[in-house]
Amino acid sequence: MSEPDFSGIDPLRVPEARRRIAVLERYLALPDPTTADAVSFGEEIGLSRWQLQRLAAVWRDHRDPNLIIVGRRKSKPKRDYGIAKRAIEIANGVITQAAADASVSSIASIIEARCADENVAPPSRPTVYTYVRKARTAAPASGPPRIVIGRMWFQIPISDQPAETMPTLLAAIMLPEGVIIAHRLSINAMKPPSISDMVDEVAAMRTLGAEKRTVVMNETDRRAAAAALARIGIASVNGHGQAAQSELARSLGSRLGSLDVILHRAKARPAKRKAATRFDEPLAPTDVVAVIEGAIASNNAAAPASAPAFDIATD
């Protein structure tokens with residue numbers, strides 16, 4: 001049997017979905033299941049006889065994990081936080097007209113001035129930031145061809161690991177295409193992904209004579225990878241602040257495939273991810289890897305263009 005598609009289910013509920021599938025498969029394999037069989041199999045996964053029989057029929061007909069487990073992803077409820085409709089219209093208008101690289105602070109100042117002109121209360125600056133991020137995420141990435149190397153974190157509890165442990169993904173994303181061309185994943189806080197190894201991997205992918213792309217990295221990463229960069233002819237280590245994380249935020253927003261991501265480590269609250277229902281549980285390390293790899297594949301499949309051949313700009 002091919003691997004079921006668990007992309008619509010909260011990762012913490014995938015183990016429960018797998019258990020249910022295993023039980024349903026065994027039940028459906030019976031040549032002539034009895035009432036006692038339905039009761040027995042139902043007890044294995046906490047269901048009544050009737051629930052087990054209904055679920056078995058659903059699985060037999062559709063083979064869709066989303067239909068046999070609670071916890072499918074739902075859209076977040078929309079709230080207006082008491083913001084006047086006219087203030088929202090002004091904010092959206094200013095954001096639409098602003099340059100792609102305009103700072104949130106400058107955008108917020110314009111919104112506040114225009115709201116003052118019309119005597120309406122402006123949205124708060126954190127709200128403006130949310131509006132800007134949403135608008136920039138909805139729009140395809142733009143700008144010159146480049147390769148951004150940066151990190152992201154996932155608040156996915158891992159079995160047999162401390163609560164503060166979070167999977168870390170170091171990724172090289174090709175922009176404006178939005179394709180992740182290389183990545184390294186760690187679920188061990190003591191063994192973070194190697195930035196030097198990532199640079200070597202990306203360098204090995206280049207095609208001499210193809211379109212040259214600038215590599216965008218944060219200042220500390222450039223220093224840590226100085227030797228690897230020198231091997232491909234980028235000898236100087238210029239400071240780029242948090243350029244890579246800002247680029248990732250604009251291109252990915254707050255999601256990678258079906259997963260929520262954290263793009264600034266200081267904003268992570270790893271111990272806050274609690275089991276919401278009895279179906280939630282920490283994932284085994286192999287399942288964590290599978291979930292994140294699936295999110296990367298989903299991101300690349302949804303990209304508007306494939307990854308073209310590239311060379312690396314060294315000046």
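Buried residues (under 20% relative accessible area, with a 1.4 Å probe and protein chains only) make up 39% of the 315 residues in the protein chain. The model is predicted: local features need pLDDT of at least 70, side-chain atom pairs count only at pLDDT 80 or more, and totals for chains, interfaces and linings use all residues. Numbering starts from 1 along each chain as its sequence is written, and side-chain values use heavy atoms, with hydrogens and water left out.

**Whole chain.** Colour by secondary structure. The protein chain has 11 helices and seven strands. These are DSSP runs numbered from the N terminus: helices are H or I with at least four residues, strands are E with at least two. Now turn to contacts, meaning heavy atoms within 4.5 Å. Of those with a separation of 6 or more, 69% join residues 24 or more positions apart.

**Stop 1: Arg 18.** Select Arg 18, in helix α1 (residues 14–28). Arg 18 is partly exposed, at a relative accessible area of 32%; that class lies between buried and exposed, the latter being over 50%. Show its contacts, leaving aside neighbours within four places in sequence: Glu 3, Phe 6 and Asp 287. Draw a C-alpha to C-alpha distance from Arg 18 to Phe 6. It reads 9.3 Å, across 12 residues in sequence.

**Stop 2: Tyr 27 and Phe 41.** Rings of Phe, Tyr and Trp (its six-membered ring) pair if their centres lie within 6.5 Å; planes under 30 degrees apart are stacked, over 60 edge-to-face, and the rest tilted. The count by this rule is one aromatic pair. Tyr 27 and Phe 41 form an edge-to-face pair, 5.7 Å centre to centre with 65° between the planes.

**Stop 3: α4 and α5.** Select helix α4 (residues 85–97) and helix α5 (residues 104–117). Their axes, lines fitted to C-alpha atoms over the stretch in contact, come within 9 Å and cross at roughly 140°. Angles run from 0 to 180 degrees between N-to-C directions. That makes α4 oblique to α5: under 35 degrees is roughly parallel, over 145 roughly antiparallel, 65 to 115 roughly perpendicular, and the rest oblique.

Show side chains next. On α4, the contact uses Ala 87, Ile 90, Ala 91, Val 94, Ile 95 and Gln 97; on α5, Ile 107, Ile 110, Ile 111, Arg 114 and Cys 115.
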